[in-house]
Amino acid sequence: MNVSCKWLSEYIDLSGYNGGQLAELMTSGGIEIDIVENRNKGVTGVVVGHVVEREKHPDADKLSVCKVNVGQEELLQIVCGAKNVAAGQLVPVATIGAKLPGDFAIKRAKLRGVESQGMICSAKELGLNDKLLPKEQQEGILVLPEGTPVGASILDVLAIADEVLELDLTPNRSDCLSMLGVAYEVAALTGRPVTLPQAGLNDAAEVASDYVKVAVEAEAQCTHYAARYIKGVHIGPSPQWMQNRLMAAGVRPINNVVDVTNYVMLEYGQPLHAFDADKVEGGRILVRLAGEGETMVTLDGQERKLEPHMLVITDGANPIALAGVMGGANSEVTDATVNILLESARFDGSTVRKTSRQLGLRSESSARFEKGVDPARVIPALDRAAALIAEVASGLVLDGIVQSEPAANEEAKIAVSIAKINGYLGTELSRLEIETIFGRLQFGCEVSSDDVFTVHVPSRRGDITRDVDLIEEVARLYGYDNIPTTPIEGATSPGALTKPQAIRRELRKRLTNAGLHEVISYSFTHPERTALFPDLTSEATPVRLALPMSEDRSVLRTSLLPQLLETATYNRNRKNDDVAIFEIGSVFHTDEAELTRLPQEKHRLAALITGNRIGAKWNRKAQPADFYDAKGIVEAIAETLGVTGSLSYEAAQPEHFHPGRTAAIKLGTERGPLVIGYVGQLHPSVQLANDLGDTYVVELELAPLYDQADFGIVYKALPRYPAMQRDIALVVDRDVEAGALSAAAAEQAGALLESINVFDVYTGERLGASKKSVALSLVYRHAERTLTDEEVTELHASVVSKLEQSFGAELRK
Amino acid sequence: MKERLEALRSEALAELETVDSPQLLNDLRVKYLGKKGALTEILRGMGSLSAEERPVIGQVGNDVRAAIESVIETKQAAFVAAETEMRLAAETIDVTLPGKKPEAGAIHPLNKVVQEIEDIFVGLGYTVAEGPEVETDYYNFEALNLPKDHPARDMQDSFYVTDEILMRTQTSPVQVRTMKAAQGKPIKVICPGKVYRRDDDDATHSFQFNQIEGLVIGPNIRMSDLKGTLLQFVQLMFGKQAQIRLRPSFFPFTEPSAEVDVTCSQCGGDGCRMCKHTGWLEILGCGMVHPRVLEMGGYDPNEVSGFAFGMGVERIALLKYGIDDIRHFYTNDLRFLSQFVRM
């Protein structure tokens, strides 16, 4: 809503407030105003002139030489380039010394040898927004209406010495979609009175009900319908003052009748519609819901397919307007119109909203109905508009209003106690202070002996329905700044993160300390990306958005890895060659093609490394990332969560991973081992497709780890007796896994084995291509005594012979 | 014999004077003090002395030995010192060459901010709750006093999946879920998380962003408590000098509602470009929980009251770090991320 200060001051005294101050006052009261526009873009010294004579320029076809009376003794000679200039016109004249927007000063000039003492201006040159100009004024010089006083300042004639406040209204304050509503708001803030406009209607001999019949069939959607009949109008431009105000409000003048309906809508907030009465068959108005398959052509010339939930105004048979949204082309007011059927009604907000949304038709009218209009203004607005049409289009308003029975509107009476107000706000307001605030709002109220206010809320404030709404009114007019700051009283509670939150923080800490950067990706992705790692998404169907912004962001991610690949590629393309990143976030899985319940949201952790794990420095060589760096990430996670003993790794071949360099990560659970993720190298084809070198990734399901994570550190006594270490190097077939050797050794050694560690793996010509050597270091210790050399030697020998038997291992010599 | 001993002392000290290597020094030690050395040789003649002379000469012999030993020790120490010095000189390195820093990554700046805010509120006695990012229309809107067709739904254009399921547009549904789970008991909770709104991405808008909302419900919770809480929060977050300003506003789920400005961190309230010369930055929305919302959450608004607040994490991160474009948070350029390694 754009509010002209000049126009507003018709209803309330604004003296002492310029636009900026008024904006500040209203913003502090909750009506946000970010922009105060000065309508005068820099015009001085422009006056109304009368073109007395116009002749063609002797040396230029497109120029005219005019003699113009600007109210001075001598006529001015002005050369004008506009096609539409003509003798007899009243026009804006920038005289010598005048200024136009853009700091453009008017000087004495010679144009093709002819002296020009000023300039005749177009509306655009005066800084008017040409989108808001009536069509006939958009080109050429601005021709002012007859009777405009010669010599008058154009600032007064066009009312541009004005400031316009742009209200950024919250949806609850639709009362301020009207000048009167804004006036009431300013009254509440300043304590000044509001002056209401008067509708002066003359008596008429004929009665409207002879010409108009109103019937409402859809009573739930149309709670009041009122009409007046205006006879014998002359359609033409509306007077300059009305056009000025409409333009200040951002509405383009059309013709006097339509302008009046817009003017009164802006004034009262009540949308109105004017029908050409002669096009309404029999003067019959029937308000009903549209029929299945019914169509109509709206004012904009579009044919609209109607649906049974849409409310239409009909002439008993055919739709002539889409209620509250837009009129029909078949009943439009045109230059030939002589009789007007004027509508003022109350249509249901959600019906209008649904219709306007569905048809993509949003209008000033629909915006107001959607948010609710004041039922008490239906008739005053109708009367006001009828009186204005009589005034500006010289019509005769017939006697009486033809209307449906309005639905009963009980005045809202809301009770609120002083104790509740103060208890809710933390204030100590007195009865008098509260009474004063309700008084400024012009809410009637009574106070009972036990300090309970009964407040009569006027219908213009439909947003106030409960005691807390009244408390807000008190708070905002008392001033939020005046409410004290207090600590919460009562019992205090200990704050805490949940276990999963604490775990995620620990993991972030651990992984960043290990040199990985945390990233956050979008949850929306391309369907092809969700199909990249089917083994990570089980049988999940990606969840698809109903109306995605683009195909690239049309489905919810089912794995974190595809976007880590994108991030890696993005960075590699920017010469950030060494990438080590991780993300913790949700993936979305469902097995439903069409969701009937929420999808499963699974927290996952994914990591990616590519390039060098450790970059080359002056004193060390670069270390390219490898599988074991990625596996180390999993081990670090397991260590942090205290689940190292429960994790195992098994060679696996998930799709799009390197078949020889990938492991499934298994977590031992009560129900047996559970695959919670994979660690491995991407398949070379995926690396190539993503423009990446060797890339190693991890993705882990976090929920099972949340369950098992163990933050309880229990101290183990330091050993009191010495350990004995035995190292062995075993030559085995190349496909024997070190993990299997270690496991078998551990099993054989039993309780005396404290640790087992692979300390070397060797392959080479001397062993032959099919063999490798694995060196193990075994540490034996007894908790309560010193082991003897003999017993360790014996035990260790049994371990060696077990490995020899089970794996065909040979001790390396 | 005394003369011979004195002569030996003079000769030895003179010779020691010229010693220039540890090897030579050792040779001289053997020559004069060794088992077969010159001193032993002279003292071997002690047996021929009288009982009166013996202790006198013995004393002289000891003196001579001590004098020679002392010089040898001094010389020895000097040689060790010189040798150490040489070794240290040889071992000197260029300390200005770079060290071997263990490489660290950075926690994402948005999560850094979330963690900081969480820590503040956990310190104030709040627990941290989470909920699904895909929500039902009921939890996201209806239970928050936003029935279908409510005009306030225009404030947030949403990504729907079906008519009843959508990407949450705010973290407020977590508040509803928390209320239902609390079954009428007091609540002090914050809810961080990702939210989604249909918005064209530009420097200040992102269709995906993070919010943190807070909810306090209990007997006698007042709007002044809300102000007190927010003041405490901004002073912990932005420093002791930070002040807040509340402006009346509208949210369907709170009444009264307010927008909260905080003293501009750039200019301290004097006015600068960042705060558009107002001295204030808008960072929060808040209000007293609407009685409808309390009712739908299973509370009796006549028995309890509550306040709620919400803020955008991106906005705070932009302000805190002086970042000029919200898209950096989701592009994950390592040159951007690595700037957040430090505390």
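Predicted model: local features only at pLDDT ≥ 70, side-chain atom pairs only at ≥ 80, totals over all residues.
Reader: What volume does the largest cavity have?
Author: About 80 Å³.

Reader: Which residues lie nearest its centre?
Author: A:Asn172, A:Arg173, A:Glu472, A:Arg476 and B:Ser249. The lining of the largest cavity has 13 residues.

Reader: Which element gives the most to that lining?
Author: α12(A), with three residues. Both α12 (467-478) of chain A and β6 (244-251) of chain B supply at least two residues each.

Reader: And how does that lining split by class?
Author: Six charged, five polar and two nonpolar residues.

Reader: Next one. What is the volume of the second largest cavity?
Author: About 70 Å³. Its lining includes A:Arg173, A:Asp175, A:Glu185, A:Arg377 and A:Arg476.

Reader: Where does the largest share of that lining come from?
Author: From helix α4 (residues 179-190) of chain A, which gives four residues. By class, the lining of the second largest cavity has seven charged, four nonpolar and one polar.

Reader: Switching topic. What does UniProt place at residues 40-155 of chain A?
Author: The feature "domain: TRNA-binding", from an unreviewed entry.

Reader: How far apart are the end C-alpha atoms of that span?
Author: They lie 8 Å apart. Residues 40-155 of chain A are 40% strand and 2% helix.

Conventions. Residues numbered from 1 in each chain as written. Chains lettered and ligands numbered in written order. Heavy atoms only, no water. UniProt positions renumbered as here; feature names shortened; annotations may be inferred. 1 Å grid on protein atoms, 1.4 Å probe; cavity = no way out; pocket = protein on both sides within 12 Å on 5 of 7 lines; lining within 4 Å. Points joined across faces, edges and corners; volume = space filled by probe spheres on them. Nonpolar A, V, L, I, M, F, W, Y, C, P; charged D, E, K, R; others polar.
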